[in-house]
Amino acid sequence: MRAVVVESFGGPEVLKAAEVADPTPGAGELLVKVAAAGVNYIDTYQRTGAYPMPTPFVPGLEGAGEVVAVGGGASRFKVGDRVAWGATIGSYAELTRVHEDGAVAVPDGVELGVAAGAMLQGMTAHYLTRSTYPVQSGDTVLVHAAAGGMGLLLTQSVKALGGRVIGTVSTAEKEKLAREAGADEIIRYTETEIAPEVRRLTDGQGVAVVYDGVGKDTFDASLESLRVRGTLALFGAASGPVPPFDLQRLNAAGSLFVTRPTLAHHVLTREELDWRSGEVLAAIQSGRLTIRIGGRYPLAEAARSHDDLQGRRTTGKLLLIP
């Protein structure tokens, strides 16, 4: 089969399409013909070695496709079923093995590419807005990179819960997309300082929560944008990791909360996985949640997809299509 292989850590150029042996499903596993694999920032962290991986490896944690074989003992799915997953390494490939405990059924009417783009980011938006800081009606929320894949999902999720969204973007094109997703206010961070504008838009109070997947470049502005006892949910580090800081800052700024959550800790049980994925996919099926696909790349152009993602030249969700 054709797959993308990382033999050594480095920049996007280390992503090489190659012919590799077809995988065989083990006990409890499904062999899936991949229709689409999601491209995520965590893939770039693994590619560079920021999140160490044994090499060589096939990257990609998220995808969707059709079951073509079932390993011994697997009973949740059968050949021909459409499934999606958000935490299975090896998704940048024509075929991949997925343990049935990590796979979910894709409902009728949901295109497999959309399902692939909904799993990691969709469930991340779900846990951030339902569990990390459960948004209440009337809350004002700051969403960084509001026109990106995560930003568009977070904006829709906050609006569905009755919140008010202030989004940050860099361009007029991205502002249009964020507003179409429901953002009430937009700050173009290339033209306006974020924290003072947030204070102006909230009558000096600050926001209840900041959902920040950018990291180093936005961390200070995020803290400065919070209301008393506000929460900073730092769920990613697209601009790099946040340097160590003095915890006394949280006291001085208003008894703030900072958390660094991850999806894996929010789908620890089958029940939780079914709850989060079920609500996300049902919302897509009904039209209440829209997944904007910002780019579809063949496997041979995996390096370009990473370069575009990290260069902030994209909007919405990026997919690799085997």
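**View 1. Helix H2 crosses helix H8 in a right-handed manner.** A crossing is right-handed if the near helix is turned clockwise from the far one by less than a right angle. The two helices, H2 and H8 (residues 270–286), pack at an angle of about 115°, and their axes lie 9 Å apart. Axes are lines fitted to C-alpha atoms over the stretch in contact, with angles from 0 to 180 degrees between N-to-C directions. Contact (heavy atoms within 4.5 Å) involves H2 residues including Val114, Met119 and Tyr127, and H8 residues including Leu273, Trp275 and Ile284. This is a predicted model, in which local features need pLDDT of at least 70 and side-chain atom pairs pLDDT 80 or more. Residues are numbered from 1 along each chain, and side-chain values use heavy atoms.

**View 2. Helix H2 (residues 112–132) is kinked.** The kink is about 45° and centres on methionine 119. The bend is the angle between axes fitted to the seven residues ending at a residue and the seven starting there. Of the 21 residues in H2, 18 are buried (under 20% relative accessible area, 1.4 Å probe, protein chains only).

**View 3. Glutamate 111 sits at the start of H2.** One of its side-chain oxygens comes within 2.8 Å of the backbone nitrogen of glycine 113.

**View 4. Threonine 231 lies in strand E12.** The strand covers residues 226–234. Threonine 231 counts as buried because its relative accessibility is 10%. Beyond neighbours within four places in sequence, threonine 231 contacts Tyr133, Ala208, Val209, Val210, Leu226 and Phe257.

Notes
Helices (H or I, at least four residues) and strands (E, at least two) are DSSP runs, numbered from the N terminus. The expected span of a helix is 1.5 Å times one less than its number of residues. Buried means under 20% relative accessible area, exposed over 50%, partly exposed in between (1.4 Å probe, protein chains only). A polar contact is a pair of N or O atoms within 3.5 Å; within protein, one must be able to donate a hydrogen and the other to accept it, and residues adjacent in sequence count only if both atoms are side-chain atoms.
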